[in-house]
Amino acid sequence: MQQVLDFLRNRQQTSVDELCEFLRIPSISADSAYSDSMQSCAAWVRNSMEAAGLRATIYPTDGHPIVYGELLRDPSLPTVLIYGHYDVQPPDPLELWTTPAFEPTERDGRLYARGATDDKGQLFTHLKSIEAWTQTHGELPVNIKFLIEGEEECGGIHLDAFLEQHQEMLRADVAVVSDTSQYGDGIPAITCGLRGIVAAEVRLRGPDHDLHSGIYGGSIANPLNALTAMCGALIDSAGRIQIPGFYEDVIDLTDEERQGYSELPFSVEGFLADTGSADIFGEEGWSTLERRTARPTCDINGISGGYAGEGPKTIVPSRAMAKITCRLVPDMKPEKILDSLEEFLRSRCPAGIQFEFHRYHGCEAFVFDPTSEWLNAARRAVAAAFGQEPVLFREGGSIPVVLSFKQILGVDTLLLGWGRNSDNLHSPNEHIHLQDFHRGTLASACLWQELASVSLAD
Ligand code: BES
Ligand code: MN
Ligand code: MN
C-alpha cells in the first residue's frame, strides 16, 4: 500500500498536468455544436484508461459515446463498478469567469475550469489510483469495471439502454461514484442518500401574435400573467408546496436521523458566505441541512416570454414558458408528482390560453443501507486518506445512474465525493482544491485495498 501512496505523491504534478489536458476539452453535452469535442473527449478517456492498465472500448450511442474499461483479476475477488461522467455543464455566463472555462488555471491552491470538480477532476482520481496500483503491483486487489458516460448533464437517455444491454459485462458487487462532495472543508463524507428529481416545462400560448396592451390589454388573457399566477401558487409563505398529494409518500426523517443531523457542525454564516445570499429560507419546522437534503422542493429554474429588453414595451405577449424541477425524497414517485404538478398548473390556466406540459427524464431518491460492509470498508479508506472519520450524510443533488444501477444491475453505490459544495458546480469559476484532488487519489487507492477485504457472502 505504501508503495502505491508514494507513487501517487511523487507524481502529483504529472497528474494535475494530465487533468488539465482533460479539462481543456469542451465536452458540453447539451450543445450539439460540441459533438466533435464529445468524441475527442471520449477518445481521451479511453487512452487514459489504457494508460492506467485497463482494457478500454468506446461504445457509440445515438447520443454521446460511453467509454468502458476493465481490469479483471480473479472472479473470487470483489468486482467494483466505477462510474463517472466526462460531459460538463455549459460554461455560461462566460463573462463571469475570471479565467476562461476551458483554460484550466491554478490560483490559490485551486484549479479553475468547467468540469474541475463535476466530474472530470473527481473521476480522474480513480484513473490515477488504478494506474498507481498497476504500475507498482502489476494488478489491483479487486476486479475493476469502469464506466464513463457523456450524457449526465443533459438528462441523456442512452445510458439505461446500455446498462440493459450489457448486464453481464457490467455485473459487479458494488459501485463507486465520486460525483458528490465532502461534508465541509476537510471533513470527508460518505453520501448515504441522494434526492431524486422531476423536471418539466410549461408552455402557454395566448394570442397568435403580441398585442398592443392599450388596445387589447384586459380583454384577452395574458400568458405571462397566467404563468406567474400559476407558478406563484406553488409554494405558500411557510415554504410548503401546495400541489395536492405532494407530501403523501414522503418518509420523514426519523428522530434518530434528525438527532444525527443536529449534531453535525453547521454555520449559517459559512453557508450564507458560500451562497452569497443575504438570508436563509425554507419550509418551517426543518433545519437548513434537513431542507437541503431530506425535504422535497419545487423550483422554477427559468421563465421567459414577452419583452425583457431595455425600456418599457406595452404588449400582451403571445407566449410564456417556465422550466420547473422538484427534488424528491424517499418514497416519492416521479410520475405521480409530475401528474399532480401538471394538474395543479393546468387547472389554473384561464380560458383562451393553450396549455402545454412537457416532461423530462426524472429519477427517484436513493438511500444506502448504513450497516453495509461495503460502507464500512469505504469509511476506513476515506478516514485513512483524510486523517479524519467521514460523516455519513445525505446530499440534495441527484445522480440518476445510482437508481439505474440498483434497478437494472442490482448493485448499491458508494458515493464518495472529494470536492466541496462551494466549488461552484454548474456555475462560473468552477474549481477543485488541489488538496482535495490529491487526497481523493489516495482515498481511492486505499479503497481498492479495503473493498478487497469484504467477504462476498455479505
Ligand atoms: N454531480 C452532480 C450531482 C451532485 C452534486 C450531487 C453535488 C450531490 C452533490 C451531477 O452532475 C448533477 O449535476 N446532477 C443533476 C442531475 C439532473 C440533471 C438529472 C442535478 O442534481 O441537478
Ligand atoms: Mn456530476
Ligand atoms: Mn452536474
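Predicted model: local features only at pLDDT ≥ 70, side-chain atom pairs only at ≥ 80, totals over all residues.
View 1. Domain 1 covers 2–194 + 366–451 and domain 2 covers 196–250 + 296–363, with bounds from an automatic or database domain assignment. Their C-alpha centres lie 36 Å apart. Domain 1 gives 10 residues to the contact and domain 2 gives 6 residues, where contact means heavy atoms within 4.5 Å. About 620 Å² is buried between the domains, 61% of it on carbon and sulfur atoms; buried area is the accessible area (1.4 Å probe) lost by two parts on being put together, summed over both.

**View 2. The second largest pocket.** This pocket holds about 420 Å³ of space. A pocket is an open set of points on a 1 Å grid over the protein atoms alone, where a 1.4 Å probe fits and protein lies on both sides within 12 Å along at least five of seven lines; lining residues have an atom within 4 Å of a point. The volume is the space filled by probe spheres set on the points, which are joined across faces, edges and corners. Of the 16 lining residues, C192, E257, Y261, P370 and L392 lie nearest the centre. Two or more residues of the lining come from each of α7 (255–263) and β16 (391–395); helices (H or I, at least four residues) and strands (E, at least two) are DSSP runs numbered from the N terminus. The lining has 10 nonpolar, 2 polar and 4 charged residues.

View 3. The bond from D118 to D119 is cis, with omega near 0°, and D119 lies in the loop between β5 (110–112) and α4 (120–137). The bond from P330 to D331 is also cis, with omega near 0°; D331 is in the loop between β13 (319–328) and α10 (334–346).

**Notes.** Residues are numbered from 1 along each chain as its sequence is written, and chains are lettered from A and ligands numbered from 1 in the order written. Local features need pLDDT of at least 70, side-chain atom pairs count only at pLDDT 80 or more, and totals for chains, interfaces and linings use all residues, while side-chain values use heavy atoms, without hydrogens and water.

Key:
Nonpolar A, V, L, I, M, F, W, Y, C, P; charged D, E, K, R; others polar.
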